[in-house]
Amino acid sequence: NLTFWTRVRDRDPDGFLANYNLGNHYRHTGQWPQAVPFYRRAAEIRTKVDYPFLRYAEALDHASGAQAVVDMCTQRLARNPQFYLASLQRGISQEQLGHVHEALQDYERTVQLAPRGSGPWSEAEQRHARLAKQQGTGG
């Protein structure tokens, strides 16, 4: 599996499947730092697809921590302000870092941008309500 996808990627460095599957290999073996560049490239190749971005954020969090995810999502939102998954992931990471105000803002942004009733919309709404209640700022 590793040998196959490495050969495929060597032939086509910009191939989505090779980059994504190499990221998966390293993810499944717990080698998060090695997974990051492959998931990053897969997310760059398929900018409108959710799952490579989510895997990239997950790998980056494991490899480098929540602040790295905040920074990555901020860069992504600078390029595409409508990409609500970056707002959601940044909010989750802001919350992990104890940055409550920033997390609430990101959750609000996600609720505004994500399709109503979608998974990201529901998650952001629930996280916002819980965090706001904890802070005593309403829901």
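Lys and Arg count here as positive and Asp and Glu as negative, while His and the chain ends are not counted. On that basis, the chain of this predicted model has 17 positive and 14 negative side chains. The centres of the two sets lie 5 Å apart.

**The chain as a whole**

The chain holds 8 helices and 0 strands. Its pattern, read along the sequence, is α-α-α-α-α-α-α-α. The C-alpha trace spans about 55 × 25 × 25 Å along its principal axes. Among contacts in the chain with a separation of 6 or more, 43% are between residues 24 or more positions apart. Some further values for the chain are set out below.

| Property of the chain | Value |
|---|---|
| Residues that count as buried, of 139 residues | 40% |

Asn24 sits in helix 2, which covers residues 16–28. Is Asn24 buried or exposed? The relative accessible area of Asn24 is 13%, so this residue is buried, the cut-off for buried being under 20%.

Which residues does Asn24 touch, if those up to four places away in sequence are not counted? They are Tyr39 and Arg55. With Tyr39 there is also a polar contact: the side chains of Asn24 and Tyr39 are joined at 2.5 Å.

Technical notes. Residues are numbered from 1 along each chain as its sequence is written. This is a predicted model: local features need pLDDT of at least 70, side-chain atom pairs count only at pLDDT 80 or more; totals for chains, interfaces and linings use all residues. Side-chain values use heavy atoms; hydrogens and water are left out. Helices (H or I, at least four residues) and strands (E, at least two) are DSSP runs, numbered from the N terminus. Buried means under 20% relative accessible area, exposed over 50%, partly exposed in between (1.4 Å probe, protein chains only). Contact means heavy atoms within 4.5 Å. The place of a charge is taken as NZ of Lys, CZ of Arg, CG of Asp or CD of Glu. A polar contact is a pair of N or O atoms within 3.5 Å; within protein, one must be able to donate a hydrogen and the other to accept it, and residues adjacent in sequence count only if both atoms are side-chain atoms.
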